[in-house]
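This briefing covers helix packing, the interface between the chains, and charged pairs. Please read it alongside the sequence and structure shown below.

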There are 2 protein chains.
Amino acid sequence: MAYFNRIFKTQPSAPRGYGESYEQWGFPPGTHVDVIRSFQMVDRDRSGFIDAAELQQALSSAYQRFSLRTIRLLIFLFKNPNDPLRIGPKEFAALWSCLGQWRGIFERYDKDRSGKIDLFELRDALYGIGYAIPASILQLLISKYENGSGRRVELNFDSFVECGMILKGLTDKFKEKDQKHGGSATFSYDAFMSTVIPFLVSYD
Amino acid sequence: MAYFNRIFKTQPSAPRGYGESYEQWGFPPGTHVDVIRSFQMVDRDRSGFIDAAELQQALSSAYQRFSLRTIRLLIFLFKNPNDPLRIGPKEFAALWSCLGQWRGIFERYDKDRSGKIDLFELRDALYGIGYAIPASILQLLISKYENGSGRRVELNFDSFVECGMILKGLTDKFKEKDQKHGGSATFSYDAFMSTVIPFLVSYD
């Protein structure tokens, strides 16, 4: 878990060569200039917030095209509690940093450089960041990417992030309730429904 | 719950005026002729199974157009364990009967005949079939239908079925684990993930 916590909490690297004061934008000190430029590029009305379509544009220019489904999941996981449908500079910086780390993991475990991660590489990648997910659970999740051809499922970066974030998000929620670390968690009805439904709602 | 169980387990009504033997198709005795005709209309290759696109065509001709998202959820909830991506005559008959009951509920609770159900009508409809869902949970679920206008969310029949089925499905899963009927359920990690993930996977 220590490594995993580092991945999600690492400080972004220092900015380089950016004249304007980024702090007036609400970015944390030390935010990389590329992150600020990317945010400003899509936040055309200078509102300080970007919505799902704008986030998709920003991330797709840095990586490959992200599906709106993954984008909505990311907004759900990184959102500011006061504004569930848009994200501000602080959330954007955290999200950007996290994606950079996932990209590193993806490249490390995509051993044949195919640009795709299969079931076993996904298992190893998650294990490497502290999550021992049973193969049966991974299989259940990645079955959504089966195209009916019967061929082995392989995930591109977008789907890898989607799967990884779902597994991380649900596992973290489970751990919050597994206070004795005994591998079982007790939920009231309201807590169970309130935990699960947001993961469904993000799938518009 | 007694009423709810009736809704999901009522025998379909008797067939009328249909000459061919429906039993050779695998329909339960007593299946209404409209159900058989609808199935046959979309099962063009006479394989005895229909996929998501074909189910969408069959149901959209009986009701309004159903989204593929709702269709996939219905397949997930009614599927034959041997074939998770298609449904056969038996599952189709059960699904058709269930949708007919939901249509009746929808019309009963859509008091102003607007063709839409709001948050409070949804709460009353679910309560009427034995499910007391807290308003906060309903609000969380129907927030996915918000369009950003700030106006009150209203559900058409498609979305009503989707919401109702999600709430029914998750509540039933919770109840299976709440064996003492005390309002709290304990899940192992595997059971928790295996319960929740299929609801995500159906949202392709």
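In chain B of this predicted model, B:Ile166, B:Gly169, B:Leu170, B:Lys173 and B:Lys177 of H8(B) meet B:Ala191, B:Thr195 and B:Phe199 of H9(B), where contact means heavy atoms within 4.5 Å. Helices (H or I, at least four residues) and strands (E, at least two) are DSSP runs, numbered from the N terminus. Residues are numbered from 1 along each chain as its sequence is written, and chains are lettered from A and ligands numbered from 1 in the order in which they are written. Local features need pLDDT of at least 70, side-chain atom pairs count only at pLDDT 80 or more, and totals for chains, interfaces and linings use all residues, while side-chain values use heavy atoms, with hydrogens and water left out.

**Helices H8 and H9 of chain B**

- The axes of H8(B) (residues 157–177) and H9(B) (residues 189–201) come within 11 Å and cross at roughly 170°; axes are lines fitted to C-alpha atoms, for helices over the stretch in contact, and angles run from 0 to 180 degrees between N-to-C directions.
- H8(B) and H9(B) are therefore roughly antiparallel to each other (angles under 35 degrees count as roughly parallel, over 145 as roughly antiparallel, 65 to 115 as roughly perpendicular and the rest as oblique).
- By class, the contact of H8(B) with H9(B) has four nonpolar, two polar and two charged residues (Ala, Val, Leu, Ile, Met, Phe, Trp, Tyr, Cys and Pro count as nonpolar, Asp, Glu, Lys and Arg as charged, and the others, Gly among them, as polar).

**Helices H5 and H6 of chain A**

- In chain A, the axes of H5(A) (residues 89–109) and H6(A) (residues 119–128) come within 10 Å and cross at roughly 130°.
- H5(A) and H6(A) are therefore oblique to each other.
- A:Trp102, A:Ile105 and A:Tyr109 of H5(A) make the contact with A:Glu121, A:Asp124, A:Ala125, A:Leu126 and A:Gly128 of H6(A).
- This contact of H5(A) with H6(A) has five nonpolar, one polar and two charged residues.

**Interface of chains A and B**

- Chain B and chain A each contribute 33 residues to the contact.
- Between them the two chains bury about 3,300 Å², 74% of it on carbon and sulfur atoms (buried area is the accessible area, 1.4 Å probe, that two parts lose on being put together, summed over both).
- On the chain B side, B:Tyr189, B:Phe192 and B:Leu200 lose the most area to chain A, together 20% of what that side buries.

**Salt bridges**

- Over all chains there are 12 salt bridges (a side-chain nitrogen of Lys or Arg within 4 Å of a carboxyl oxygen of Asp or Glu), and zero between chain B and chain A.
- A:Arg152 forms a salt bridge with A:Asp118, with the closest N and O atoms 2.6 Å apart.
- This pair links distant parts of the chain, 34 residues apart: A:Arg152 is in the loop between helix H7 (135–142) and strand S2 (154–155) of chain A, and A:Asp118 is in strand S1 (residues 117–118) of chain A.
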